[in-house]
Amino acid sequence: MKIWSSEHVFGHPWDTVIKAAMRKYPNPMNPGVVGVDVLERSVDGRGRLHSHRLLSTEWGLPSLVKAILGTSRTLTYIKEHSVVDPVEKKMELCSTNITLTNLVSVNERLVYTPHPENPEMTVLQQEAVITVKGLSLGSYLESLMANTISSNAKKDLGVSFVEVRGKRMDPRRLSSPGSWVEGSALVRQRLLMESRLPSSPAELMERAWMCGRKLLYKFKGWAAIEWIIEHSESAVS
Amino acid sequence: MNSVGEACTDMKREYDQCFNRWFAEKFLKGDGSGDPCTDLFKRYQQCVQKAIKEKEIPIEGLEFMGRGKEKPESSS
């Protein structure tokens, strides 16, 4: 399911943009990227350069949480495959997460080509697909809400009563609410409980979504490239 | 920028410098032959592969330089 796509035009020629793209990290727009390695690199029979890279990113969790979890468990790894065709002047880059894959997959594709009308400019087309595993994002959010509201009313809510129309009632008697008033009181109680004691699978899924959102911010990838170009104008010949 | 394996960072930076120079001055100008960074890359690679195994990073199906289609044992 495609979630996000955009196009950006750089005011620089293709060669300049590509040189910056190959040296993208570190940059201040992506502080979460803490490690980059080239795993494999080769030129194919058509003269195109293939690179396989491994990125490690930090979630940006508070240091207390990191201390509890252990630093290595807060790292997310991403693999990247890029192809640079110097004759056709096209660079294509695809990346996907290789950890947290049981929860979420974030797939990104970037294509850099010269602007069709102006060779001094470069077009970046970018698209990202985020899939919460097993569900589309919309239906995941729906089911999360549905589960919160319709969770088993027969369970002990941890309170000894529910207040309905000023009367204290045993919540277990409301497991099959006879009226919408009783039902909504139950729902309110449950939601209150849920907000204080989030269930772990739901919280984990939300964390995965937050992780995906942080990666979304990284999708303003053009801003990082512009910064690299600006800060290495003298080095880029 | 650091390497994923802390011990490999210096080798990575040396290789990156070599690669970036070759990429800008040769490859993009149409001369893709004669990669001068092969030796640097081999040493750097050995270090990275070791780090990947140690950290149990789930890399699969990649061909590593000089190792053909061999897959790392610790994949997934």
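What follows is a dialogue about a predicted model and the terms used to describe it.

Modeller: This is a predicted model, in which local features need pLDDT of at least 70 and side-chain atom pairs count only at pLDDT 80 or more, while totals for chains, interfaces and linings use all residues. Residues are numbered from 1 along each chain as its sequence is written, chains are lettered from A and ligands numbered from 1 in the order in which they are written, and side-chain values use heavy atoms, with hydrogens and water left out.

Biologist: What makes Cys8(B) and Cys47(B) a disulfide?

Modeller: A disulfide is a pair of cysteine sulfur atoms within 2.5 Å. The S to S distance for Cys8(B) and Cys47(B) is 2.0 Å, so the pair meets the cut-off. By this rule there are 2 disulfides over all chains.

Biologist: Why is the disulfide of Cys8(B) and Cys47(B) called left-handed?

Modeller: Because the torsion about its S-S bond is about -85°. Cys8(B) sits in the segment before α1 of chain B and Cys47(B) in helix α2 of chain B, so the pair ties together parts that are 39 residues apart in sequence. Helices here are DSSP runs of H or I with at least four residues, strands are runs of E with at least two, and both are numbered from the N terminus.

Biologist: Why is Cys8(B) called buried?

Modeller: Buried means under 20% relative accessible area, exposed means over 50%, and partly exposed lies in between (1.4 Å probe, protein chains only). Cys8(B) has 1% relative accessibility and therefore counts as buried. Cys47(B), at 15%, is buried too.

Biologist: What is the sulfur distance in the disulfide of Cys18(B) and Cys37(B)?

Modeller: The sulfur atoms of Cys18(B) and Cys37(B) are 2.1 Å apart. The torsion about their S-S bond is about -90°, so this disulfide is left-handed. Cys18(B) is in helix α1 of chain B and Cys37(B) in the loop between α1 and α2 of chain B, so the link spans parts 19 residues apart in sequence. Both Cys18(B) and Cys37(B) are buried. With the bonded cysteines of chain B numbered in sequence order, the pairing reads 1-4, 2-3.

Biologist: How do you know that Asp44(A) and Arg48(A) form a salt bridge?

Modeller: A salt bridge is a side-chain nitrogen of Lys or Arg within 4 Å of a carboxyl oxygen of Asp or Glu. The closest N and O atoms of Asp44(A) and Arg48(A) are 2.8 Å apart, so the pair qualifies. Asp44(A) has 22% relative accessibility and therefore counts as partly exposed. The structure holds 8 salt bridges over all chains.

Biologist: What makes Lys90(A) and Glu92(A) a salt bridge?

Modeller: Their closest N and O atoms are 3.9 Å apart, so the pair falls within the cut-off. Lys90(A) is partly exposed at 27%, as is Glu92(A) at 23%. Glu92(A) also meets Arg109(A) in a salt bridge, with 3.1 Å from N to O. Arg109(A) lies in strand β6 of chain A and Glu92(A) in strand β5 (residues 90-97) of chain A, so this pair ties together parts 17 residues apart in sequence. Arg109(A) counts as partly exposed at 33%.

Biologist: What joins Lys90(A), Glu92(A) and Arg109(A) into one network?

Modeller: Salt bridges that share partners join them.

Biologist: Which residues of helix α6 of chain A are buried?

Modeller: In α6 (residues 221-231) of chain A they are Gly221(A), Ala223(A), Ala224(A), Ile225(A), Glu226(A), Ile228(A) and Ile229(A). These residues pack against β1 (4-10), α1 (14-22), β6 (104-114) and β7 (122-132) of chain A.

Biologist: How many residues of each chain take part in the contact between chain B and chain A?

Modeller: Contact means heavy atoms within 4.5 Å, and the contact takes 28 residues from chain B and 29 residues from chain A. Buried area is the accessible area (1.4 Å probe) that two parts lose on being put together, summed over both. For chain B and chain A it is about 2,400 Å², 68% of it on carbon and sulfur atoms. In chain B, Met1(B), Phe27(B) and Leu28(B) lose the most area to chain A, together 27% of what that side buries.

Biologist: How many salt bridges are counted between chain B and chain A?

Modeller: The count is 0.
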